[in-house]
Amino acid sequence: MSTATPSPLDDPLYATRHDVASRLDNRQPGFSLAQPFYNDGRFFALDMETIFEKEWLFAGMSCEIPAKGNYLTLDVGDNPIIIVRGAEGAIHAFHNVCRHRGSRLCTQSRGKVAKLVCPYHQWTYELDGRLLFAGSDMGSDFDLAEYGLRPIAVEIAGGFIFICLSDTPPSIDDFLASVSRYLAPHDLENAKVAVESTIVEQANWKLVIENNRECYHCNGAHPELLNSLQEFDDTDDPRATDAYKALVAKKQSDWDSLDIPWALQRHGRRNRLTRTPLLEGRVSMTMDGTQGCKRLLGKLTDPDMGSLRILHLPNSWNHVMGDHAVVFRVMPLGPQQTVVTTKWLVHKDAVEGVDYDPTALRRVWDATNDQDRRLAEENQRGINSKAYSPGPYSPTYEFGVIDFIDWYCERLQEHIGQVTPSLQVVRG
């Protein structure tokens with residue numbers, strides 16, 4: 001029997017890849033994207049396939065699964081994921097899918113188990129993914145070893161958990177080394193989540209990230225945040241004032257004396273770390289700039305650590321201070337719907353009601369998240385109009401957005417070319 005050669009047209013996203021490739025080739029640098037990138041279901045499916053199923057994603061914090069058997073779950077599009085702490089402290093990540101008939105194994109967002117047991121037919125897996133039990137009705141030649149859980153690449157750095165669904169994950173070692181070094185003084189492995197929020201924004205995930213990558217809107221939108229946050233975090237920023245540069249020099253000298261890393265680190269357009277002062281006299285992102293938690297993170301002795309800002313595209317930005325950390329995870333739900341999860345971390349031995357008040361700790365970012373939600377949703381509504389066309393970014397105020405969009409377009413083009421090389425012929 002002869003086997004026909006697969007046609008590119010068998011690919012359900014072939015026409016979309018062609019459309020996207022053409023639009024990327026012809027896009028105007030420094031401008032926002034064409035409308036379908038923000039609201040078309042076919043373009044969204046390509047985003048999930050080429051970005052969220054290929055790139056490293058921030059998933060959660062290692063302190064959320066402190067002991068053997070602790071697990072957390074999340075969804076990457078249609079892919080349910082489980083991350084579990086196994087023997088000797090090892091952290092494993094798997095597709096949360098039973099190898100029998102595909103049921104989800106763990107249905108809660110977090111928990112603790114001795115083994116991973118499918119609730120459907122009780123197939124039982126070790127915490128390292130090995131199938132241990134499948135009943136006595138699978139036949140004498142059934143081989144348990146062939147039906148372990150499907151693993152997912154996982155890396156841990158500075159208490160951050162990153163996962164990648166690709167069979168061939170891109171290199172991330174340099175970034176992980178920077179994260180580990182910069183977070184070492186904060187020791188987030190020995191922190192805990194004091195409070196968590198989840199909001200669903202009726203906007204494309206890229207609009208959520210674009211909004212985060214600039215503070216052009218901050219003066220008009222974020223009064224609570226600007227009680228403590230500097231609008232810029234780099235003395236090379238053309239907007240940076242002399243007063244800011246003087247404060248940076250003073251704080252960098254202080255941090256050097258404490259052996260605290262602070263220098264700006266870039267890993268391409270995708271990853272960025274820098275420690276920058278908060279406003280003069282402020283030590284934390286609280287309403288009045290005072291400590292949100294009396295117990296400092298790690299073994300820190302000075303609360304004035306500024307904000308260690310960590311960017312990880314495509315789905316996370318973070319602020320780590322002396323007394324607490326605020327970590328953000330962005331996950332797309334649909335072409336015009338995105339879930340943003342925020343977690344506030346404090347020292348694991350900090351006592352609620354004594355060392356910190358959860359309501360006070362979260363007030364600034366609760367307000368800021370809601371303000372950003374409204375901005376992104378109004379942005380989406382305007383983009384959906386037939387009047388929308390790509391507009392210019394400000395190279396002064398929106399250079400971070402330009403970097404994000406350039407990174408996104410580069411990754412999309414590379415992945416499309418890898419999956420459908422014939423597009424080069426079609427486009428040429």
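Mentor: Glu64 and Lys343 are both buried, buried being under 20% relative accessible area, exposed over 50% and partly exposed in between (1.4 Å probe, protein chains only). Before going on: this is a predicted model, where local features need pLDDT of at least 70 and side-chain atom pairs count only at pLDDT 80 or more, while totals for chains, interfaces and linings use all residues. Residues are numbered from 1 along each chain as its sequence is written, and side-chain values use heavy atoms, with hydrogens and water left out.

Back to the pair. Glu64 and Lys343 join their side chains in a salt bridge at 2.7 Å, N to O; the term means a side-chain nitrogen of Lys or Arg within 4 Å of a carboxyl oxygen of Asp or Glu. The two partners come from distant parts of the chain, 279 residues apart: Glu64 sits in the loop between β1 and β2, and Lys343 in strand β17 (residues 337-347). Helices (H or I, at least four residues) and strands (E, at least two) are DSSP runs, numbered from the N terminus.

Glu64 has another partner to look at. Its side chain also meets that of Arg110 in a salt bridge, 2.9 Å from N to O. Since Arg110 belongs to strand β5 (residues 110-112) and Glu64 to the loop between β1 (57-61) and β2 (70-76), this pair ties together parts that are 46 residues apart in sequence. Glu64 has a relative accessible area of 12%, so it counts as buried, whereas Arg110, at 38%, is partly exposed.

Over the whole structure, the search finds 29 salt bridges. One of them joins Asp403 and Arg269, with the closest N and O atoms 3.9 Å apart. Asp403 is in helix α9 (residues 399-419) and Arg269 in the loop between β12 (265-267) and β13 (271-276), so here the parts tied together are 134 residues apart in sequence. Asp403, at 27% relative accessible area, is partly exposed, and Arg269 is partly exposed at 35%. There's a network too: salt bridges link Glu55, Arg270, Arg411 and Glu414.

While you're in there, check the cysteines. The count is one disulfide, meaning a pair of cysteine sulfur atoms within 2.5 Å. Cys215 and Cys218 form it, with sulfur atoms 1.8 Å apart, and at -105° about the S-S bond the link is left-handed. Both Cys215 and Cys218 are buried. Cys164, in contrast, is in no disulfide, and its nearest cysteine sulfur, in Cys409, is 20 Å away. As for Cys106, the closest cysteine sulfur is that of Cys118, 9.7 Å off, which is too far for a bond. Cys106 is buried at 7% relative accessibility, and Cys164 is buried at 1%.

Last stop, helix α3 (residues 41-52): nine of its 12 residues are buried, so I'd call this helix mostly covered. Among those buried residues are Phe43, Phe44, Leu46 and Met48.
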